[in-house]
Amino acid sequence: MGEGKKILIIEDEEKIARFVELELLHEGYRTDKAYNGREGLEKALNGENDLILLDVMLPELNGLEVLRRLRKSSEVPVILLTARDAVMDKVSGLDSGADDYITKPFAIEELLARIRVALKRKGADNKEEETVLEACGVTLADERHEVKVCKETVELTHREYELLKALLLNKNIVMDREKLLNIVCGYDYGGETNLIDVYVRYLRGKIDDRFGIKLIHTVRGVGYVIKE
Ligand code: CA
């Protein structure tokens, strides 16, 4: 079901717009409508829509022009409603940044399916942007440079952070001290590998000991591993 996602319908044929709106409301979506390109673009740019259904043949500003202007500032999913056999519209529509198109007349079930796919794809993209490494209740959100243990933020120094990240990226793989030293201190460091033992001790103090968990395991004579 729609889960309250908002869909903007830009369509000058009011009958079609109303029909689609009723079906969307029935599916649990919220809706908004515009009957020409100019009004449509204005509403499309308000940032409140999760997806836009955009007719190509529109008065005042055609759908492709609406799409081109919208794409300058917005990545909101757009499904084009094109006339039958308007191959050029489909091609230039996809070139202009449409996520999908559907040919009129369409079966409402097909439209609903396309909407679900476009919304899902967008959700998946968002997840990809946010890389979160996780093990034993410890999360590392790399974009935000944030480490949490049991949902509580933990402050780490740069090298502690890099060490934890390297171990989380290689979860269940034993990392030897030299490899870790290269990652944490850089290849030209050339220092003692037991420096890694020092940073592991700091990390254990801030995470394992403080929260009573067993995150970093020692593999005697080799190095360290985060197991799950
Ligand atoms: Ca039209």
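Author: Happy to! Keep in mind that this is a predicted model. Let's begin where helix H7, residues 177–185, packs with helix H8, residues 195–211. On the H7 side, the contact is made by Arg177, Leu180, Leu181, Val184 and Cys185, which meet Leu195, Ile196 and Asp197 of H8. Sorted by kind, the residues of this contact are six nonpolar and two charged, with no polar ones.

Now for the sheet. Five strands build an open sheet, ordered E2-E1-E3-E4-E5, and their pairing is parallel. The edges belong to strand E2 (30–34) and strand E5 (100–103); each has a single partner strand, so one side of each is left without a neighbour in the sheet. On average, neighbouring strands here are turned by 20° against each other, direction ignored.

Look next at the pairing of E2 with strand E1, residues 6–10: the two run in the parallel sense over five bridges. Here isoleucine 9 stands opposite lysine 33 of E2. Helix H1, residues 14–26, packs on the sheet and touches E1, E2 and strand E3 (51–55). The direction of H1 makes about 170° with that of E2. Helix H2, residues 37–44, lies across E1, E2 and E3 too, and runs at about 145° to E2.

Conventions. Residues numbered from 1 in each chain as written. Predicted model: local features only at pLDDT ≥ 70, side-chain atom pairs only at ≥ 80, totals over all residues. Heavy atoms only, no water. Axes fitted to C-alpha atoms, helices over the stretch in contact; angles between N-to-C directions. Helix = DSSP H or I, 4+ residues; strand = E, 2+ residues; numbered from the N terminus. Contact = heavy atoms within 4.5 Å. Nonpolar A, V, L, I, M, F, W, Y, C, P; charged D, E, K, R; others polar. Pairing = 2+ DSSP bridges.
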